[in-house]
Amino acid sequence: MTVVKKVRLYTILIGCLLFQSYLISQKKATTDGAFANLIWSDEFEGGGPVDSEKWFHQTQLPLGGSWWGGIIQHYTDREANTFVKDGYLHLVAKKEKFRDQGIKKEYTSARLNSKFAFTYGKVEIRAKLPEGIGTWPAIWMLNTNIDEDGAYWDEKYGTTKWPYCGEIDIVEHWGKNQDFVSSAVHNGDSYGDKVKNFGEQKIKNASSEFHIYTMEWTKEKMVFSVDGGTHFEYNPKVKNKDTWPFDSKYYFILNIAIEPEIDPSFTESSMVVDYIRVFQ
C-alpha cells in the first residue's frame, strides 16, 4: 500500500471515529436534555432543623396505634430524629422508650412528607442508608390524593385509598438483606401479596458510602437505577386506572421503619441524604 493510500485510509478511519463520537454525544445530549430543567431540590445546606417550608413531619398514628406492616416505631418531629448537619440530612432511627398519642413504643424514627408534588420528571437522590437487622428505610412517593389521616396532603386532596392512589418506591432497603436495594410500584393491579412490579440489585456498601438513586418518570414508563445501573423498568402495555394511576401529582416520603425482628443489640442508625433533585 502506498503512502498516499495509507494517509487516505487513516483519514477515513479518523473521520468515522469522529462521527461515531459525535453521534454518542448527540444521543447523550438528547437524553440529558429531556430532563434539563431543575424544578425543585433540597441540598440540605447548613445545619439545624429540617426546612419546614419543604418538609412536613408525619407523626399521627393510624387507627389502632400501629403503623401498617406491623412496624413498631413512633415517628417523631424531634431534632433527635431529623436534623441537618454539615450539609446533610440525618434521619435517625433510635432504640429508646417514647410515649406519644397515649401509646408507648421502644423505638423512634421519622417520616417526612415533602410539601412539593409533581407529575413526570427525573429524580436524583444521593444517600447512605441505615444498617441493622430489622431496619427498613425507604425513599418513595405517594399520590397527593391518598386518603390517609395525618399525611400532609390528605386534608385538601385525600379521596383515594391505598393502593389505588398509586405508590412509587424509588429505593427500599432491608437490614436483614444488607446491600440489596429494590424499587417497586404499587397500584390496583400490584399490591400486598399481589406485588409483581419490582426489581432489585446488590450494591457495595449501601450503608457506608453514598450512592445515587434515580427514577425517570414519563407518560410511558418509569425507570429505576443506582449509580447509572438500571434494575427495574415499569411500562405496562395497558394503562388504566389500576395499572397507571401515575398521571397525577406525587410527593416524596423519607422514612426509616423498624420491623418486629429488630436486632436486640440495635441502638441507632441513620439515613444520610446529600441532596434530592427533581428535573423536567
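In which strand is D274 found? D274 belongs to strand β17, which covers residues 268-279; helices (H or I, at least four residues) and strands (E, at least two) are DSSP runs, numbered from the N terminus. The model shown in these views is a predicted one, in which local features need pLDDT of at least 70 and side-chain atom pairs count only at pLDDT 80 or more, while totals for chains, interfaces and linings use all residues. Residues are numbered from 1 along each chain as its sequence is written, and side-chain values use heavy atoms, with hydrogens and water left out.

**View 1. The whole protein and the confidence of its prediction.** The protein has two helices and 17 strands, and 47% of its 280 residues are buried, where buried means under 20% relative accessible area, exposed over 50%, and partly exposed in between (1.4 Å probe, protein chains only). Of the contacts (heavy atoms within 4.5 Å) with a separation of 6 or more, 72% are accounted for by residues 24 or more positions apart. The mean pLDDT, which is the predictor's confidence in each residue on a scale from 0 to 100, is 91, and 88% of the residues reach 70 or more. Over residues 3-7 the pLDDT stays under 50, and the model has one contact beyond four places in sequence for this stretch.

View 2. With a relative accessible area of 16%, D274 is buried. Its side chain makes a polar contact with the side chain of R126 at 2.8 Å; a polar contact is a pair of N or O atoms within 3.5 Å, of which, within protein, one must be able to donate a hydrogen and the other to accept it, and residues adjacent in sequence count only if both atoms are side-chain atoms. Leaving aside neighbours within four places in sequence, D274 is in contact with D42, E43, F44, G87, Y88, R126 and F210.

**View 3. The nonpolar cores.** In soluble globular proteins, nonpolar side chains tend to be buried together. A nonpolar core is here a set of buried Ala, Val, Leu, Ile, Met, Phe, Trp, Tyr and Cys residues joined through side-chain atoms within 4.5 Å. The largest such core has 47 residues, and those with the most contacts inside it are F252 and L254. Strand β16 (residues 250-258) gives the most to this core, contributing five residues. Apart from it lies another core, of 10 residues, which includes A138, I146, C165 and Y251. Beyond residues up to four places away in sequence, L254 touches W55, L89, L91, A110, R111, L112, A138, I139, M271 and V273.

**View 4. Aromatic rings around W217 and Y250.** Rings of Phe, Tyr and Trp (its six-membered ring) pair if their centres lie within 6.5 Å, and planes under 30 degrees apart count as stacked, over 60 as edge-to-face and the rest as tilted. By this rule the count comes to 25 aromatic pairs. W217 and Y250 form one that is edge-to-face, with 5.5 Å centre to centre and 90° between the planes. W217 lies in strand β13 (residues 211-217) and Y250 in strand β16, so this pair ties together parts that are 33 residues apart in sequence. W217 is buried at a relative accessible area of 0%, and Y250 likewise counts as buried at 0%. One aromatic cluster is formed by W40, F44, W55, F116, F118, Y120, W217, Y234, W244, F246, Y250 and F252.

**View 5. The buried residue E148.** E148 is found in the loop between β9 (135-143) and α2 (154-157), and at 6% relative accessibility it counts as buried. Its side chain makes polar contacts with the side chain of Q58 at 3.5 Å and with the side chain of R111 at 3.4 Å. Apart from neighbours within four places in sequence, E148 is in contact with Q58, W68, R111, L142, D154 and Y251.

View 6. Most residues other than glycine have a negative phi, and most peptide bonds are trans. A cis peptide bond joins W162 and P163, with omega about 10°, and P163 has its place in the loop between α2 and β10 (167-173). Q101, in the loop between β5 (88-100) and β6 (103-109), has a positive phi near 55°. Y120, in the loop between β7 (111-118) and β8 (121-128), has a positive phi of about 70° although it is not a glycine.
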